[in-house]
Amino acid sequence: MSLRRQLLLVSLLLISLPWAGCQYVREMEAALQSGQEQALLATARAVATVLADKPGLLFTDPDPARRQEAAEPEQQLYASAASAPLIIDGYADGWERSAQTSFGPVSYTARSHGSMLYLLFTVQDSEVVYHDPRQNRRASGDRLVLRSGRGINYVIATAAPGSVQARIEQKSGAMRYEPRIRGFWQDSLEGFTIELELPLALLDQRLGFYLVQDSGVASTGVASSVGNYSPRKRRLPPRLIYPPPNLQQALAPFGDQGLELQIVDRQRWILARTEDQQLDLAQAGAAKPAQQSHWLLRAFYRAILNGTAMPAAAEATRFGQSAAAELDTALAGSASAGWYAAPDSTGFKLLTAAAPISNKGEVLAVVLARQNSEQYLSLTDRAFSRLLYYSLTALLIAALGLLGYASLLSWRIRRLSKASARVINPDGSLNDDFPVSRSRDEIGEMSRQYAELLSRLRDYTDYLRTLSRKLSHELRTPIAVIQSSLDNLEAGKEADSEVYVQRAREGLGRLANILTAMSEATRLEESVHNNQAEDFDLVLLCRDLFAAYQGLYTEQQLTLLCELDSQPMHGVPELLAQMLDKLMDNAASFAPAGGKITLQLKSAAPDRVELSVSNEGPLLPAAMQQQLFDSMVSVRDKSERVHLGLGLHIVKLIVDFHGGSARAENLADGSGVRFVLELPLVRVD
């Protein structure tokens, strides 16, 4: 796989940027949810605190027995608050079908506005029996009976569809009209409907009803009665639950767009709620077009945030009651909140918070607050759109940048590869046109190392090419000496036989020296690794060797500069002596007759010493100063002795064995050359 494709695959890791952005959005959503939850709890607690000191606002009946008596929620009637008076015409238009509660064939719906109560009864009856108008003192036919808290029965009967008026049923059986109750009776396909308007004061906080369905066999024949109250009961009818007007007015200032507040009593009846601010998720989700992001982004965003399934909000089994799970905790005296999936609104969540209304240690009711997630989704929609845009833009720019950079790297490596392939000519010679990069990166460093390697290889090749000439020159002379000596001995020149034998031995000695020089490096490497280090005095070693050098190199002026009286050291003294032999031999080879050769020993650091050999003579070429210690490298033009370029390489091997360093440099005054060795006092393995 090419480098470009590899970097392209690596660039796919940049996909983690959008993933990290999504995780950040989730964290931001969690923080916003927590903040919204705390804010809604604070709102519920604030409303509960205001209402806690006004228990009279919570109930239409201030009697404490109202709160203590056993509840019969299945029999109690609930009337929701109406924003305006209803038109009484006998039709169900304008009434909520979801608000109907059934008791067998009869269903009722109740609304309250101010001091008036509005009732709608829908009756399923296949055969409607009307009141006989000839019976003025007693009601007959199908009829509806309302029983108030004062024990009064109000009978609704009619001889024909249309306007109806209630009559009070007296104990004697006589009937009299109640003009404050008016209504309409209308026939329907399933039976009939009755719509009534009456003052709440007539009921005394209680209301029971039952429908009498006459069989029509006789004027007094009653087939059945059904409702939330039985005519055979002697106790008071169930209570009528409706929002107190004063409580509704007190709650109105707390209403806000997208927020619903409810006051729920201990039987879970909704006593009041913020008017015209019911939680309409469809309307809440319909933001202004200018504020909306693209529908695809919104769907993608909702999918990210809705990764965890939310439980569905509990629904009440009866209209007018609340089934929120937080009510149990609030009725126990503690505030709580919870998130739910909003019904019939994909993508939204519903937050519910409940706080108890406590007075004198008793929980009277609960403030229930609900809010949808549009509050923060509208904020994070735009943030997510920008985040997605910036992430995709950064991903595209980074991918293009990596692709371009990969192409540049590929071109540079291909150029270096082609240059390396052209280095060696078909005849085996090396070209001099290898490109050297000036870049400071790894590829530039590699090209420079290749160039240096090729330079050394070229020098080594040149050395090998001249090696045969050097060997031929070196071998021809001793062979000629041996040959001439043998010829003279064969000629019978016995007088000079000793001279010829001596010359032959000298020739053999030179041949032996040549062979020794050729194998010296290999033997030295083996001997270096087979020697054991020991403790010795370096100063004493240098002085002993210098005394021997004075007798050996008599044509030069030798000087010993030693700043130390003694210097203990751990190493191999034989190898160090051999190293000094090579340096002194090299110095004597280049120093002219009468030239100065200086051996110097001084302290370089607390744990290192500096040993140097300098000599007068020709300077080192600038290009060869760093290559003198390599194997088979020599800068000698001519010499009477055999030199195969191994002497300084042997010096480097011994220095490396002792963990030191070696360098060659020209003297500052230009009079000669100096070889400097830095050796640690303890050999580094």
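Reader: Is Gln 556 buried or exposed?
Author: This is a predicted model in which local features need pLDDT of at least 70 and side-chain atom pairs count only at pLDDT 80 or more, while totals for chains, interfaces and linings use all residues. Residues are numbered from 1 along each chain as its sequence is written, and side-chain values use heavy atoms, with hydrogens and water left out. The classes are buried (under 20% relative accessible area), exposed (over 50%) and partly exposed (in between), with a 1.4 Å probe and protein chains only. Gln 556 has a relative accessible area of 11%, so the residue is buried.

Reader: Which residue has its backbone oxygen 3.4 Å from a polar atom of the Gln 556 side chain?
Author: Gln 556 sits in the loop between helix H11 (538–552) and strand S20 (557–562). Helices (H or I, at least four residues) and strands (E, at least two) are DSSP runs, numbered from the N terminus. Leaving aside residues up to four places away in sequence, Gln 556 touches several residues, including Ala 588, Pro 592 and Ile 597, where contact means heavy atoms within 4.5 Å. The backbone oxygen 3.4 Å from a polar atom of its side chain belongs to Ala 591.

Reader: How many residues apart in sequence are the parts tied together by Glu 678 and Arg 608?
Author: The side chains of Glu 678 and Arg 608 meet in a salt bridge at 3.6 Å, N to O; the rule asks for a side-chain nitrogen of Lys or Arg within 4 Å of a carboxyl oxygen of Asp or Glu. Glu 678 lies in strand S25 (residues 672–680) and Arg 608 in strand S23 (residues 608–616), so the parts tied together are separated in sequence by 70 residues.

Reader: Which residue forms a salt bridge with Arg 663?
Author: The closest N and O atoms are 3.6 Å apart. Salt bridges that share partners join both residues into one network, with Lys 602 and Arg 674 among the other members. The partner of Arg 663 is Glu 665.

Reader: What is the angle between the planes of Tyr 78 and Trp 269?
Author: Rings of Phe, Tyr and Trp (its six-membered ring) pair if their centres lie within 6.5 Å; planes under 30 degrees apart count as stacked, over 60 as edge-to-face and the rest as tilted. The structure holds nine aromatic pairs. Tyr 78 and Trp 269 form a stacked one, 5.4 Å centre to centre, with an angle between the planes of 10°.

Notes:
Polar contact = N/O pair within 3.5 Å; in protein donor to acceptor, adjacent residues only side chain to side chain.
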